[in-house]
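Visitor: I have a model open and would like to learn how to read its features one at a time. Could you walk me through it?

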Amino acid sequence: MNYYKISLLSSPLEPLTYSSTQKLEIACVVNVLLTKRELHGVVFSEVKEPDFTTKEILSKTDLYYSPKQIALAKFIATYYMCSLGDAFSLMLPFSSSDTLLGNSDTSMHSQVEPGNEIRLDNEIELSTKQKKALSFLKQHQTSLLFGDTGSGKTEVYMKLFEEKLQEGKRSVFLMPEISLTPQMSLRLEKHFGEAVVMWHSKLTPLQKKKAMAKIRSGEAYIIAGPRSALFLPIENLGLIVVDEEHDDSYKSSSRPRYNARDIAIYMGKLYDVPVVLGSATPSLSSYVKFPHARLKGGHFTSQKEFVYEKSTESLSPLVMSAIDATTKAKEQSIVFLPTRANFKYLICGDCGHTYECSFCSIGMSIHQRTRSMKCHYCNFAQAIPQVCCECGSANLTSSRLGTAEAVKNISEAFPDIKVEQFDRDVITTQAKLKKALKRFNDNETDILVGTQMLSKGHDYHGVTLAVVLGMDNMLNMSDYRAREKALSSLIQVAGRSGRAKNAKVLVQSFNEDFFSVYIDNYESFLEEEKFFREGLYPPFKKLCRVLFSHKNGLKAQEEMHKMHEHLLMMPNIEIVGFGKCAIERVANKYRFEILLRSDKSTDLIKAIKATKVPLAEIDMDPIEFG
């Protein structure tokens, strides 16, 4: 009998010992029983016969993880403080029936014929600036392409893909979320044809099967998609590109709480391949840590005029007249709001009662389309009340404008124009996204009203008015990156306008002094922001957030205090604060937190390993503080 440590996939448990009459290879995937459930597990190591009874492994599959995937799983488990099973579950394994021999870890000689036989649509012509940037990127293992909106970053990426393809190497192209994939897939497929595979969660099972067949067979040379595309079983990896590297969508909000941008950088070292990060508004961390090629200006000769209105978030007379003038000129507008739905909160105007979720300590958002209030944290929904449940008053008011309400108000004011909502409440599938973008670019829609989805790198041809509401709400968030996030959002939204003709960007904010200084000079902002963050926040310090949640609030609080007491004894770390989370209750669980700071992540990891209690969930390099 042989004995093995098995890491159970998607399980927080440490590896468990099982037995088998078969001799098994390390890193193969097997089926085992845990209590009465059949689970997949990874053979992690062979061990001596233990002094307890073991269950026998049920069967062996033809799937296995490569040596590089094992190294990556160990890194993720160590750095993000999760189980090996959780780390392995991020990755799709190789199959012994794959048509390529060996894998990219063990046989780097040319098991793939160089890609000359793939017919490219046409030669990518780069400008002098783009050629200079390309040359710079090729000289560094990890580098940043800091390129203004419309400066031609995508052409530089495509030239890199082309060169790797000619070498018979494969490229991974990461985008922050699937809302970016339709237009990008058209551009890639137009040039590279069948060599491109798009990978994301909205693919149907059949589409996923076809995509995976191309990846496993080696026909796919460019694999593009959001963060899950990073963990596919790719042979002969030659390049990783992370577009819009500043985007928070790269950070996972559930265990393991990894950041795909940071994992890509680690994989670059592990696989010895170049990593290119790209953005018009790069994060301060990437700007400080990596050499950058600056790509200034754009392909567009049009001008943008910025107009600031001292106003709270509202469709003011100035906004409505600008929309009216743009529509009469047969031109298009986009209206950006930071919040989805109709409003963030419903409040009684007489007694001040706020309608919070029954299971979370957060206001519920109004959705007029479904005549309901919905919690965006746990998805609990209820009908919109007609009178206050506390005092019986009908004077119920809403505190913030949202997308659906803006669409309704604009449509009522201008009944002859076509207004569409463009957020996650309406754009729920890839097909809906493609159709909405096509309608807008075909001039069937006059105005798009949306949230962050609107600011992503879509190419809107005819926008001459961008209205940006709620900037001050973003600027005043309790987050050390609030200035960076607000300015970045404004630049990204403004960048969607004025691509064909001169455009106006109307910004509602009481902070014109801040925005107007940096709107055309993000580099100056980053240089100034370095001064504010030094000695306090990333990239100069490492942060870690420890979360405790339980249906019994006292239990969660006790666990927090227990770990806090032990952390006080640990060297080289600072406890920034501890207590209730800003949103104390989510999905009927009470939440507490400890925020830690240190010069080195290794000191944080050592301290947490020595003091961790069972209820603690670790969020290394957190981006959420609300």
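Visitor: Let's start with one residue. Which strand is the place of Leu-34?

Guide: Keep in mind that this is a predicted model. Leu-34 belongs to strand 3.

Visitor: Is Leu-34 buried or exposed?

Guide: The way to decide is to look at relative accessible area, where buried means under 20%. Leu-34 has a value of 19%, so it counts as buried.

Visitor: Which residues does Leu-34 touch, leaving out those up to four places away in sequence?

Guide: Its contacts are Leu-8, Leu-13, Leu-16, Tyr-18, Leu-39 and Lys-55. Take Lys-55: it is 21 residues from Leu-34 in sequence, and the two C-alpha atoms are 8.8 Å apart in space.

Visitor: Now for the strand itself. How do I read its pairing?

Guide: In general, strands of a sheet pair through backbone hydrogen bonds, either parallel or antiparallel. Here, strand 3 (residues 28-34) runs antiparallel to strand 6 (residues 59-64), and three bridges join them. For one partner pair, look at Asn-31, whose bridge partner in strand 6 is Ser-59.

Visitor: Which strand does strand 6 pair with over two bridges?

Guide: That is strand 7 (residues 94-95), again in the antiparallel sense. Tyr-64 has Phe-94 of strand 7 as its bridge partner.

Visitor: What about helices? Why does the length of helix 1 agree with what it should span?

Guide: Helix 1 covers residues 67-79, and at 1.5 Å a residue its 13 residues should span 18 Å; the end C-alpha atoms are 18 Å apart, so the two agree.

Visitor: Which residues of helix 1 are buried?

Guide: First the general idea: an α-helix has 3.6 residues a turn, so residues three or four places apart point the same way. In helix 1 the buried residues are Gln-69, Ile-70, Leu-72, Ala-73, Ile-76, Ala-77 and Tyr-79. After the helix comes Met-81, with a positive phi near 55°.

Visitor: What is the order of the strands in the open sheet of three strands?

Guide: The order is 18-19-20, with antiparallel pairing. Strand 18 (365-367) and strand 20 (381-383) are at the edges with a single partner strand each, so one side of each has no neighbour in the sheet. From one strand to the next, the twist averages 30°.

Visitor: How many bridges pair strand 18 and strand 19?

Guide: Three, in the antiparallel sense, with strand 19 covering residues 372-374. Within that pairing, His-367 stands opposite Ser-372 of strand 19.

Conventions:
Residues numbered from 1 in each chain as written. Predicted model: local features only at pLDDT ≥ 70, side-chain atom pairs only at ≥ 80, totals over all residues. Heavy atoms only, no water. Pairing = 2+ DSSP bridges. Helix = DSSP H or I, 4+ residues; strand = E, 2+ residues; numbered from the N terminus. Expected span 1.5 Å × (residues − 1). Buried < 20%, exposed > 50% of the residue type's maximum accessible area, 1.4 Å probe, protein only. Axes fitted to C-alpha atoms, helices over the stretch in contact; angles between N-to-C directions. Contact = heavy atoms within 4.5 Å.
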